[in-house]
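Subject: Handover of a structure and notes on its contents

Dear colleague,

Please find below the structure that I am handing over to you. My notes follow it, and I would be grateful if you read the two side by side.

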Amino acid sequence: QVQLVESGGGLVQPGGSLRLSCAASGNIFSINAMGWYRQAPGKERELVAAITSGGSTNYADSVKGRFTISSDNAKKTGDLQMNSLKPEDTAVYYCNADIMSWGGYVYRYWGQGTQVTVSS
């Protein structure tokens, strides 16, 4: 009964910025963690960034210093601010979240993905 919806993707020139958002809705008691993965054509899906309910963050080495992840439990949203974008950042970006329902069950949910294209 939980849905994650990403938004904010698009086409941007190298060096530009984008802000991705993830909105969660449904049977949510708490969000234990949120993260962003990406998958480029012909490549494996990789972790980009993650944040726990306690505020701890984790970033892929390739995006450290350029991307910033944040979350707002009250709004049930998460954001990924992407700066200094490079062509190699081009991929479909997926939001994911570990969510506990009011029934006490914890599952990992995935959004449908949003395309980010970095090109001149």
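Predicted model: local features only at pLDDT ≥ 70, side-chain atom pairs only at ≥ 80, totals over all residues.

Salt bridges

The count comes to six salt bridges. One of them joins Arg-19 to Asp-79, with the closest N and O atoms 3.2 Å apart. Arg-19 belongs to strand β3 (residues 18–26) and Asp-79 to strand β8 (residues 77–82), so this pair ties together parts that are 60 residues apart in sequence. Arg-19 is partly exposed, at 43% relative accessibility, whereas Asp-79 is buried, at 16%.

Another salt bridge is formed by the side chains of Asp-89 and Arg-66, at 2.8 Å from N to O. Asp-89 is found in the loop between β8 and β9, and Arg-66 in the loop between β6 (57–59) and β7 (67–72), so the pair connects parts 23 residues apart in sequence. Asp-89 is buried, with a relative accessibility of 0%, and Arg-66 is buried as well, at 10%. These two residues also take part in a network of salt bridges with Arg-38 and Glu-46.

Asp-98 and its partner

Asp-98 is located in strand β9 (residues 91–100). Its relative accessible area is 19%, and the residue counts as buried because the limit for that class is under 20%. The side chain of Asp-98 meets that of Arg-108 in a salt bridge of 2.8 Å, N to O. This pair links distant parts of the chain, since Arg-108 is in strand β10, ten residues away. Arg-108 is partly exposed, at 46% relative accessibility. Leaving out residues up to four places away in sequence, Asp-98 touches Ser-30, Ile-31, Asn-32, Ala-33, Tyr-107 and Arg-108.

Gln-112

Gln-112 sits in the loop between β10 (106–110) and β11 (114–118). At 47% relative accessibility, Gln-112 is partly exposed. The C-alpha atoms of Gln-112 and Cys-95 are 7.9 Å apart, although 17 residues separate the two along the chain.

The largest cavity holds about 40 Å³ of space. Its lining includes Ile-31, Asn-32 and Ala-33, and strand β4 gives the largest share, four residues. By type, the lining divides into four nonpolar, five polar and no charged residues.

With kind regards

Definitions and conventions
Residues numbered from 1 in each chain as written. Heavy atoms only, no water. Helix = DSSP H or I, 4+ residues; strand = E, 2+ residues; numbered from the N terminus. Buried < 20%, exposed > 50% of the residue type's maximum accessible area, 1.4 Å probe, protein only. Contact = heavy atoms within 4.5 Å. 1 Å grid on protein atoms, 1.4 Å probe; cavity = no way out; pocket = protein on both sides within 12 Å on 5 of 7 lines; lining within 4 Å. Points joined across faces, edges and corners; volume = space filled by probe spheres on them. Nonpolar A, V, L, I, M, F, W, Y, C, P; charged D, E, K, R; others polar. Salt bridge = Lys/Arg side-chain N within 4 Å of Asp/Glu carboxyl O.
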